[in-house]
Each structure stands twice: as structure tokens, then as C-alpha cells.
Amino acid sequence: MDKPNGTGGTGKAGTTRSFKVWRGDESGGELTDYQIQVNEGEVVLDVIHRLQATEAPDLACRWNCKAGKCGSCSMEINGMPRLGCMTRMSTFEETETVTITPLRTFPIIRDLVTDVSFNYEKARETPAFAPPADLAPGEYRMQQVDVERSQEFRKCIECFLCQNTCHVVRDHEENKEAFAGPRYFIRAAELDMHPLDTKSDRKEYAQASQGLGFCNITKCCSEVCPEHIKITDNAIIPMKERVVDRRYDPLVWLGSKIFRRGQSEGDQTPRDPDNLGEVHSVGGGSHDSESEADAERGVHWNRQVPHPTAPSTDSRGRLPISEFTFDRAAAPSPFGDDVTFPLPADGLNYSHPEQKD
Ligand code: SF4
Ligand code: SF4
Ligand code: FES
């Protein structure tokens with residue numbers, strides 16, 4: 001346990017090291033100099049805690065596990081996006097000034113705390129896992145090799161370091177609407193590999209609605225991932241390759257023309273742009289003729305993605321064959337359709353600066 005003066009209670013005596021920590025809020029801020037005791041074996045988050053315990057009790061910083069598993073303590077240390085709890089002070093020279101700043105891609109709340117709602121919005125937009133309708137939970141069966149294929153992506157701790165690093169949104173606020181980011185590309189890839197996911201359009205969705213085409217495979221996201229997920233090599237590049245196969249392979253193109261669903265008379269009705277969000281279904285499947293036409297014409301990044309609508313059946317209640325070859329299905333969001341972000345501060349079950357008391 002630390003002594004009150006901030007030196008370690010056991011082991012080798014520490015040294016006093018120089019830090020610059022960004023202090024401020026959304027209206028502005030600056031780097032503040034601190035001289036802080038650092039003991040052997042400590043990580044950057046230890047130093048921040050010592051700073052809070054001594055000179056700066058009001059310094060805001062998120063953390064939970066201190067074990068590299070909750071993804072809360074993301075920050076930029078000497079300009080590199082890292083987890084504070086997994087960055088050892090021995091990484092730096094004793095004479096080096098360590099600069100700690102908040103994640104640059106997201107709006108500042110205070111000090112080292114940023115508003116990462118962008119990521120939750122993108123999570124909400126990502127269609128959920130859609131198991132076969134005739135299987136109940138507990139009846140799912142899949143081969144071990146399929147479990148292992150997507151295991152890598154399920155290691156994600158949602159630290160959003162990859163999202164923060166990606167140059168597509170890092171200095172380009174205007175790209176955020178159209179770009180979901182590497183964390184959600186691995187989600188799409190994971191579902192694309194899942195043998196029980198009945199949606200066959202995950203890669204098409206990534207291309208048309210998640211902005212996969214913005215990614216120019218720089219691999220910066222993979223470099224900062226604390227779980228060492230090969231985001232670019234194992235998720236993004238394979239999806240890009242399959243999108244290219246699907247769009248430009250002449251046999252696949254011919255097949256899509258043969259099996260493409262014809263429009264019924266009802267489909268010819270012009271769509272009311274103010275009512276795009278009014279059609280919902282628990283059945284899954286985006287069966288929207290205008291979206292199909294959009295997909296045929298190519299990617300339109302800012303188009304409004306329609307909510308899922310129920311699959312159409314014939315007079316005997318059977319699905320047409322095109323439902324099995326349709327490439328633009330979507331499942332309902334796991335967050336529900338009526339949640340808006342950011343959530344109201346008063347409804348949060350943790351301390352938030354905007355809560356009334
Ligand atoms: S590889 Fe793609 S997603 Fe990853 S940082 Fe580069 S542009 Fe962004
Ligand atoms: S993919 Fe890696 S860097 Fe991105 S949120 Fe998940 S754990 Fe963090
Ligand atoms: S405190 Fe949980 S990852 Fe750092």
C-alpha cells in the first residue's frame with residue numbers, strides 16, 4: 001500500500017519523474033507539468049492514481065480492472081494510444097518526460113475522459129447475430145474449427161484504441177457517419193464466419209453501410225490492439241477480397257442477375273423519405289427495393305439505412321427463392337430501435353459530471 005507521501009511502501013525506493021498531463025474539458029485545456037514519484041514495477045495508471053492521491057485529486061480518468069481486460073483506461077501516452085494499466089513505466093527512460101493525453105478521436109468530457117458514444121452508435125447499427133429460426137438456444141451445433149476461426153475477434157475488450165487510431169476518423173469528424181471503424185469490421189467478419197448466422201450479407205453490409213471501402217489497410221489499428229487481434233490481416237482484408245469476388249467475379253454477377261428478386265406492383269410505390277424509420281420487424285431481413293437498387297448502383301455512403309422489414313411470402317406463406325439468394329438482409333439491433341445516444345446522464349448508474357447531484 002502506498003504511504004501518504006506517495007512513495008511505495010515496499011521494495012526499492014522510487015525516483016521522481018517528469019510528466020505532462022492534459023487537463024481541461026470540452027471548452028479547452030492544456031498540458032500541466034507534474035513531478036511524480038515512480039516505483040519499481042509500476043504502470044502509468046499507478047502514477048495517475050498517485051497524482052490523484054497527492055497533487056490533483058480532481059483529475060478525471062476512467063479505469064476499472066487494472067488488468068488489461070475492461071478496456072476503460074485507454075489514453076495516449078507520448079502520442080501512442082495505449083492502455084494506462086498495461087504500460088510499464090520501465091518502458092521509458094528515467095530522464096524522459098512522459099506525456100499523457102486523452103484519446104484524440106472522441107470528444108473530451110474532462111481531463112483524460114472522452115465521450116466514446118460514437119462506438120456504441122456503431123455497435124447499435126451493426127445487425128445482430130441471426131440464428132436459424134428453427135433452432136432454440138441450446139440446440140446450436142457447430143464444429144470446433146468454426147469456433148476457433150472467430151475466437152480471435154471475440155477477445156476484443158472494447159478499449160476503442162483501434163477506433164481512435166484509424167486515420168479515417170482520427171482527424172476527420174465528417175467521416176464518422178459513414179465509417180464504423182475496425183472494431184466493427186471484426187464484428188462483421190466474426191458473424192460472416194459464423195456457420196449458424198443466417199445473414200449472408202455481412203461483407204456486403206460492411207462495404208455498403210460500414211464504410212469498409214474507406215480502409216486502406218494501413219494496419220495501424222492492429223498495431224495498437226492490446227489483445228493482438230490481427231484486425232487488418234484476418235478480418236478486413238478477407239472481407240475486402242470477398243466483396244471484390246462478389247461484385248466483380250463474372251459468374252457471381254451472372255448468378256445475382258438470374259436470381260434477383262423481381263419487383264411486385266407494391267414495390268413500385270415511391271418511398272416516403274420521412275418514413276424510412278417507421279417499418280420494423282422481428283423477422284429480420286431488409287427487403288427494400290430501393291436499397292437493392294442502391295446496392296446495384298454502387299455504394300452511397302450517406303444513404304439512410306432502412307430498418308429491417310418482414311420477408312414477403314406468397315399466398316401459401318412460402319418464401320420466394322430470391323429470399324435465399326438475397327444479399328442485403330439485416331437483423332434487428334441488439335440495443336433496440338428506440339435508444340438514442342448519448343444516453344441521458346441522469347439515467348446512468350455511474351457518476352457522470354452532468355448528473356444533477
Ligand atoms: S487498416 Fe483500415 S481500419 Fe485499420 S487503421 Fe488502417 S484504415 Fe483504419
Ligand atoms: S479490436 Fe483491439 S484495439 Fe479494437 S477495441 Fe477491440 S481490443 Fe481494443
Ligand atoms: S483498467 Fe481495465 S483495461 Fe486498464
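**View 1. Tyrosine 34, a buried residue of strand 2.** Tyrosine 34 counts as buried because 20 other C-beta atoms lie within 10 Å. The burial scale used here calls a residue buried if 20 or more other C-beta atoms lie within 10 Å of its own, exposed if 12 or fewer, and partly exposed in between, with C-beta atoms placed from the backbone. Tyrosine 34 sits in strand 2; helices (H or I, at least four residues) and strands (E, at least two) are DSSP runs, numbered from the N terminus. Look for serine 18 too: 16 residues away in sequence, its C-alpha is 6.0 Å from that of tyrosine 34. Leaving aside neighbours within four places in sequence, tyrosine 34 is in contact with Phe19, Val21, Leu51 and Glu55, where contact means that two C-beta atoms, placed from the backbone, lie within 7 Å.

Before you move on, please note that this is a predicted model: local features need pLDDT of at least 70, side-chain atom pairs count only at pLDDT 80 or more, and totals for chains, interfaces and linings use all residues. Residues are numbered from 1 along each chain as its sequence is written, while chains are lettered from A and ligands numbered from 1 in the order in which they are written.

**View 2. Helix 1 and the strands it packs against.** Helix 1 covers residues 44-53, and its buried residues are Val44, Asp46, Val47, Ile48, Arg50 and Leu51. These buried residues pack against strand 1 (15-25), strand 2 (28-38), strand 3 and strand 5 (98-101).

View 3. Across the pair, methionine 75 stands opposite arginine 82. The hairpin has 2 residues between its strands, and asparagine 78 takes a positive phi near 50°.

**View 4. Two positive phi angles in one loop.** Most residues other than glycine have a negative phi. Glutamate 158 is not a glycine, yet its phi is positive, at about 55°. Its place is the loop between helix 3 (144-151) and helix 4. Phenylalanine 160 lies in the loop between helix 3 and helix 4, and has a positive phi of about 65°. Glutamate 158 is partly exposed because it has 15 C-beta neighbours inside 10 Å, whereas phenylalanine 160 is buried, with 23 other C-beta atoms within 10 Å.

**View 5. The shell around ligand 2.** Around ligand 2 there are 17 residues, the closest being Cys156, Cys159, Leu161, Cys162 and Cys225. Helix 4 (161-165) and helix 6 (182-193) each supply at least two residues, and the largest share, 3 residues, comes from helix 6. By class, this shell has 13 nonpolar, 1 polar and 3 charged residues.

Definitions and conventions:
Pairing = 2+ DSSP bridges. Near = placed C-beta within 6 Å. Nonpolar A, V, L, I, M, F, W, Y, C, P; charged D, E, K, R; others polar.
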